[in-house]
Amino acid sequence: MVSGSRHLIEVDGIRVLVDCGLFQGEKHVRERNWQRFAVAANTIHAVVLTHGHIDHSGWLPRLVREGFSGPIYTSPATSDLLGLLLYDSAKCQEEDARYANRKGYSKHHPALAIYDQHDVDQTLRLVKAVPREEWFQPGVGLRCRFHEAGHMLGSSFIEVEVATQGRTTRLIFSGDIGRYDAPLYNDPLAPPACDYLVCESTYGDRNHPQSHPLDELEAAVGESVARGGMMLVASFAIGRCQQLIYLLRTLMAAGRIPELPVWVDSPMAVAAIGVFEKHAAEHDFAEAKMFGVAAALRAPWVRMVRTADESKAMNTQQGPGIIIASSGMMNGGRILHHLVQRLPDSRTTVLVAGFQAIGTRGRSLIDGAKFLRIHGRDIPVKAAVRRIDALSGHADREEIGRWLAGMPAPKRTFLVHGEPPAARGMADFLRETRGWDVHCAAIGESFNIDG
Ligand SMILES: [Zn+2]
């Protein structure tokens, strides 16, 4: 599945965990967050983290609560973003528990949070930032390095070298791979040869449309302006949100869309803009010639909404305008009260701009739901729902093929991070085009790759 990414490497008694994601989506999936980890947390020596997205990092505080106290290695930019992401996640866990207690629907009495702010404090003390391309040793007999994955600020794929009994085995963990020529992001770096590849397959059964995100966004905004209402964009607060600002900046500077007010209704997204600016060198500002890198993510028409009261006060704002709020799959966050307010209004446009997991409100909307259940009420969907696939943060099947083009066949490839049809699609693709030995991994499977 596309959440709960966790891979454990064990070499001569040394245990290193690659990613430690939270399970998200349907209830039976989320319940996995309550299960004990496959091995005792205090027997894991280190965690190596590909990037900050919660489906890769969001279970770390729970791992720490259960006794993990080793180092967490990640890139410098991910290390800067991780606090923002994990404190926000803890707040969501605590809010969910409070809500469940109020409504009395939890199996646990009282309902507890999976973790809280204090667990995040403890987790962040363990983080060690390592620049890309620099080898580090998370345990005896193992060394690793990060390479640019082009998926979000700080995102990396991980090369792992295992030396045991005079043999060296090389593994690659893709984490999430980004797209080629994506505005704001660098292309993923070509991976070195390896013995075993663990590769994501989010879009393994399809290719994104060839259209450019600027063209798609221009069309969506144009249509929204014509409808005269507000455009709601459900967006991850970190990554997608800054990319949207950058693209809107580019379209407005070129006169392709009118200058509209844009509200960034997420304290986390506002804080992340500072982290993006600190790591400006990691970005590709090719479109920014007109306005300069320094102004790429800030503009006079970008309005930062920090407090919940400011957010609620926006209910009286008339369009046209654009509200960017999280969460990206509409399973929580401030986007919810905007949806309650504006979904019944046929002038509204809802823009869905990223992968929507099964069981999320975002997925229901793109599947054509007539009502959306929010805070216990069925809200009628009168708004237009539009989707921009070109803005996906994940490589599609062709792009994964391009990423792997120069790689000689690994002994075996394990596909992870994809719903079953996507993983199967990617497996068929790699078997047919490359003749590789590919296995779609299931939760809890383990493999002896000795020699
Ligand atoms: Zn990701």
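Hi everyone. Let me start with a definition: when I say two residues meet, or are in contact, I mean that their C-beta atoms, placed from the backbone, lie within 7 Å. And please keep in mind that this is a predicted model.

Let's begin with a pair of helices. Helix α4 covers residues 76–103 and helix α5 covers residues 117–124. The two pack with their axes 9 Å apart, at an angle of about 160°. Angles over 145 degrees count as roughly antiparallel, and that is therefore how α4 and α5 run relative to each other. The crossing, as α4 passes α5, is right-handed.

So who meets whom here? On the α4 side you'll find Leu-82, Gly-83, Leu-86, Tyr-87 and Ala-90, and across from them in α5 are Gln-117, Asp-119, Val-120, Thr-123 and Leu-124. By class, this contact of α4 with α5 has six nonpolar residues, three polar and one charged.

Now let's zoom out to the domains. Domain 1 is made of two stretches, 6–206 and 393–440, while domain 2 takes in 213–391. Taken over C-alpha atoms, their centres are separated by 27 Å. Where they touch, 21 residues of domain 1 are in contact with 25 residues of domain 2.

Note on methods: Residues numbered from 1 in each chain as written. Predicted model: local features only at pLDDT ≥ 70, side-chain atom pairs only at ≥ 80, totals over all residues. Axes fitted to C-alpha atoms, helices over the stretch in contact; angles between N-to-C directions. Helix = DSSP H or I, 4+ residues; strand = E, 2+ residues; numbered from the N terminus. Parallel < 35°, antiparallel > 145°, perpendicular 65-115°, else oblique. Left-handed = near helix turned anticlockwise from the far one by under 90°. Nonpolar A, V, L, I, M, F, W, Y, C, P; charged D, E, K, R; others polar. Domains from an automatic or database assignment.
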